[in-house]
Amino acid sequence: MTLRVALLGAGAMGTIMARDIYPRLAGEVEVAAVVDRHLERGGPLAAGLGATAYVSLDAALRERSIDAVDIRLQHAAHSAATIEALQHGLHVLVEKPLATTLEECYAMIAAADRAGLTVAVAENYPHLAAVRATRAALASGVVGELLTLRSTRVYTLEGVWANTVWRQGDNPMAGILWDQGTHHTSMLRAIAGEVTSVAARSSSRLATEGAEAIMLTLQFESGVVGQSLYCWGAPAVELETEATAFGTSGRVEITVDYEGGRGLARFSVPEGSRDLSAVESYYDSHRLIVEDWANAIRTGAAPRVGLADATADVEVVVAARESLARGGAPVALWEVRTP
Ligand SMILES: NC(=O)c1ccc[n+]([C@@H]2O[C@H](COP(=O)([O-])OP(=O)(O)OC[C@H]3O[C@@H](n4cnc5c(N)ncnc54)[C@H](O)[C@@H]3O)[C@@H](O)[C@H]2O)c1
């Protein structure tokens, strides 16, 4: 049966979903309503999908039969929108970061438990073939013992992403850590397991307005230590090596391609290298996320990234922000969790 979805948020990400992803899922998933408080944003997207535009979920539910809500609102709106949808008896797909406080994450978990409905989180990296291949290569011993790993997310905030006022300045949800931190944490956790503590430092002298440079040192439960570098302000490259896992038998590099379809995982030793995954585009993962969500709703299986997983990513960002506030001192994750 076709899943009838209300797409909530017709901004930059909602536009990508409406124009590039949902048309490829016709028959499986049908967008019946596009909801945005700016009707002039939702209207054109709804027209392209053969859907109707509304200014609120309530208004959409009065007129349309809806099974599920895809939430593409700014970070700080995720929690309230998820809880509202669950209270209406709707399944939810919600963007990353799950929320900007752990209290909101816990409230979402409680609401989902009460409702007994499926909540998936649009956290892309665990869906990438390159990340899954790296995890499999580590599990099967190809890479040997994992010694350390690092990730790098460096680009300039521009285009539609720079149009959003809330992403920049002194807004509490602004900045690269909230925008990209759960992304790379989810990738590193998929490869190396749970994080137990974080120490964060940021560059203090940045001449360019809006530029940021933050380095996290992550301690993993396994004893492995790793690093994540986040920077807004330096130009991106065509094909970025976003993570490297260094093992006793070789290293795996994960490259991510946002424009074309050449992202992959490559295993290298001094004698040469071989590809571990088929090539892919980052944006294909958005289709995989919706397919995984729809399948979870139909079968009752757990989605690839659910609330507990996404909360663990938020914990790392919260701990990193706390570490920055403490001048770089390590912060254990148990310190930021509330009972
Ligand atoms: N997974 C990814 O690869 C990826 C990529 C980009 C953005 N995102 C995430 O997507 C989310 C949205 O980002 P964006 O850049 O599209 O933001 P945006 O500001 O461009 O879009 C948000 C839209 O929501 C609407 N809106 C806000 N509150 C509303 C409400 N209560 N009811 C109805 N409409 C409301 C706004 O009018 C706006 O059109 C963010 O959380 C971001 O982290 C994820």
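How many bridges pair strand S7 (residues 146–155) with S11, and in which sense? S7 and S11 pair over five bridges, in the antiparallel sense. Two strands count as paired if DSSP finds at least two bridges between them. The strands themselves are DSSP runs of E with at least two residues, while helices are runs of H or I with at least four, and both are numbered from the N terminus.

A word on the model comes before the tour. The model is predicted, so local features need pLDDT of at least 70 and side-chain atom pairs count only at pLDDT 80 or more, while totals for chains, interfaces and linings use all residues. Residues are numbered from 1 along each chain as its sequence is written, and side-chain values use heavy atoms, with hydrogens and water left out.

UniProt, in an unreviewed entry, places the feature "domain: Gfo/Idh/MocA-like oxidoreductase N-terminal" at residues 3–122. Such positions are given in the numbering used here, feature names are shortened, and annotations may be inferred rather than shown by experiment. Over residues 3–122 the chain is 43% helix and 24% strand. The end C-alpha atoms of this stretch are 17 Å apart.

Now look at the parallel sheet. Six strands form an open sheet in the order S3-S2-S1-S4-S5-S6, with parallel pairing. Its edge strands are strand S3 (52–54) and S6, and each pairs on one side only. Neighbouring strands of this sheet are turned by 25° against each other on average, direction ignored. Here the axes are lines fitted to C-alpha atoms, for helices over the stretch in contact, and angles run from 0 to 180 degrees between N-to-C directions. Strand S1 (residues 3–8) and strand S2 (residues 29–35) run parallel and are joined by six bridges. Val 5 has Val 31 in S2 as its bridge partner.

Return to the antiparallel strands. Strands of a sheet pair through backbone hydrogen bonds, either parallel or antiparallel. Ser 151 has Ala 243 in S11 as its bridge partner. S11 covers residues 240–247, and seven of its eight residues are buried. Buried means under 20% relative accessible area, exposed means over 50%, and partly exposed lies in between (1.4 Å probe, protein chains only). A hairpin then leads from S11 to S12 through two residues. S11 and S12 run antiparallel, joined by seven bridges. Phe 246 is partnered by Arg 251 in S12, and Thr 241 stands opposite Thr 255 in S12. S12 is mostly covered too, with five of its seven residues buried. S12 also pairs with S13, in the antiparallel sense over five bridges. There, Val 252 stands opposite Phe 267 in S13.

Next, find helix H7 (residues 176–192). H7 has 17 residues and reaches 22 Å from its first C-alpha to its last, close to the 24 Å expected at 1.5 Å a residue. The expected span is 1.5 Å times one less than the number of residues. H7 bends by about 25° at Thr 182. That bend is the angle between axes fitted to the seven residues ending there and the seven starting there. Why is H7 described as largely enclosed by the rest of the structure? Because 17 of its 17 residues are buried. Just after H7, Gly 193 takes a positive phi of about 90°.

Finish with the aromatic rings. The structure holds five aromatic pairs. Rings of Phe, Tyr and Trp (its six-membered ring) pair if their centres lie within 6.5 Å; planes under 30 degrees apart count as stacked, over 60 as edge-to-face and the rest as tilted. Tyr 125 and Tyr 282 form a tilted pair, 5.8 Å centre to centre with 55° between the planes. Tyr 125 lies in the loop between strand S6 (119–122) and helix H6 (129–139), and Tyr 282 in the loop between strand S14 (272–275) and helix H8 (284–299), so this pair ties together parts that are 157 residues apart in sequence. Tyr 125 is buried, at 0% relative accessible area. Tyr 282 is also buried, at 6%. Tyr 258 and Tyr 282 form another tilted pair, 4.7 Å centre to centre with 45° between the planes. Tyr 258 lies in the loop between strand S12 (250–256) and strand S13 (264–269), so its pair with Tyr 282 ties together parts that are 24 residues apart in sequence. Tyr 258 is buried, at 19%. Tyr 125, Tyr 258, Tyr 282 and Tyr 283 form one aromatic cluster.
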